[in-house]
Amino acid sequence: MIANTKEVKDEGFDIKRSAEEVRNLSFKDHICIGCGICESTCPVDAITVADMGPIVREEVDISKIDIDEDKCVLCGMCSGLCPVNALDFTIDNEPISTIDAYPHYIASAEIDDDTCIYCQRCEVACPREAITIARSLPERSDLVTGEIEVDEETCIHCGICDEMCPADAIDVDRTPPGAESIEINKDKCVYCLICKKSCPVNAIKAACRICSYGDYDIDPADAVTTGSSFIDDELCVKCGWCEEICPVDAAKVKKQYEGTLDIDQDKCTVCGTCIDVCPCDVLSFPESTGPATVVDNIKKDEQYCIHCGACERACPVDAIDVKITNVDHTPTKSKSWIEKFEALKN
């Protein structure tokens, strides 16, 4: 953390702050994606971003960025321009994202719990593990009901029903001889009648009222799955995987950048560095179609790209070109900030 209580010049607004003002800049390494935007936009060249390839491949254990405290003037631009909020800049303990004088990106990701069916597809698909879906399933007894019993005098404890039961609801204890037993867990039973049909001595009597098969009317109130959704704003990069994969359109994502991603396949050596670095699972190796050991070309799924430029920066052969064509941010009258936002559009 870099802290300053001195009188400093704000690069964004040319305002002199009082000596009592406390400014803090902290870096969250686990959130950083190594895009290099902070390095390229820092007005005093105080930030250096490390080589991300070895870091994401866990070959080296170093900080993703280095901030020169002697150069840093605590202007807050690195924090305001970071697309993933890895740099946290506060003034008197208040984040600049909540201070009206400082511009910030217009970006969001949210899940409508009124629409969500808690299928967890977004949680599985999220490349940053930023989504948590907690769900409460309906009681099985509300969906499947029936009756089942075993005629202990007829049962020979052969264990066939135990082996056949798809719900693991039957437990046959065959030892010691003469003291065998059979138990049916009615909380697990789905009344499929497989045990009844497989019993060689017809010792099992069973019937279903609401079966696990067939077309039966069930009160929707009994079948509903309830839950809650949570998106970790620190980890979420607004890639849009959740929105695309959601079957009921409950997830909505607004990206801060629009742009293009191009790969020069003639230059590309298919080393995979871009795949390892990409925070959005945009890039991948194509599926193999034969016995060839050489993989041709890198596959891209640009709809999930946030155009951060991390892949371009990490590519060892300059085969990737990422361009930002539009930046969506709140209004600002600061010429310095406007210039920096415009500079992102390369």
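Modeller: The place of Pro176 is in the loop between strand 10 (170-173) and strand 11 (181-184). This is a predicted model, in which local features need pLDDT of at least 70, side-chain atom pairs count only at pLDDT 80 or more, and totals for chains, interfaces and linings use all residues. Residues are numbered from 1 along each chain as its sequence is written, and side-chain values use heavy atoms, with hydrogens and water left out.

Colleague: What is omega for the peptide bond that joins Thr175 and Pro176?

Modeller: Most peptide bonds are trans. The bond between Thr175 and Pro176 is cis. Its omega is about -5°.

Colleague: How many helices and strands are there in the protein chain?

Modeller: Both are DSSP runs numbered from the N terminus: helices are H or I with at least four residues, and strands are E with at least two. On that basis, the protein chain has twelve helices and 18 strands.

Colleague: Is His157 buried or exposed?

Modeller: His157 is found in the loop between strand 9 (145-150) and helix 6 (160-164). It has a positive phi of about 55° although it is not a glycine. Buried means under 20% relative accessible area, exposed over 50% and partly exposed in between, with a 1.4 Å probe and protein chains only. Because its relative accessible area is 10%, His157 is buried.

Colleague: What is the relative accessibility of Lys238?

Modeller: Lys238 lies in the loop between strand 13 (226-231) and helix 9 (241-245). Lys238 has a positive phi of about 60° although it is not a glycine. Lys238 counts as buried, because its relative accessibility is 11%.
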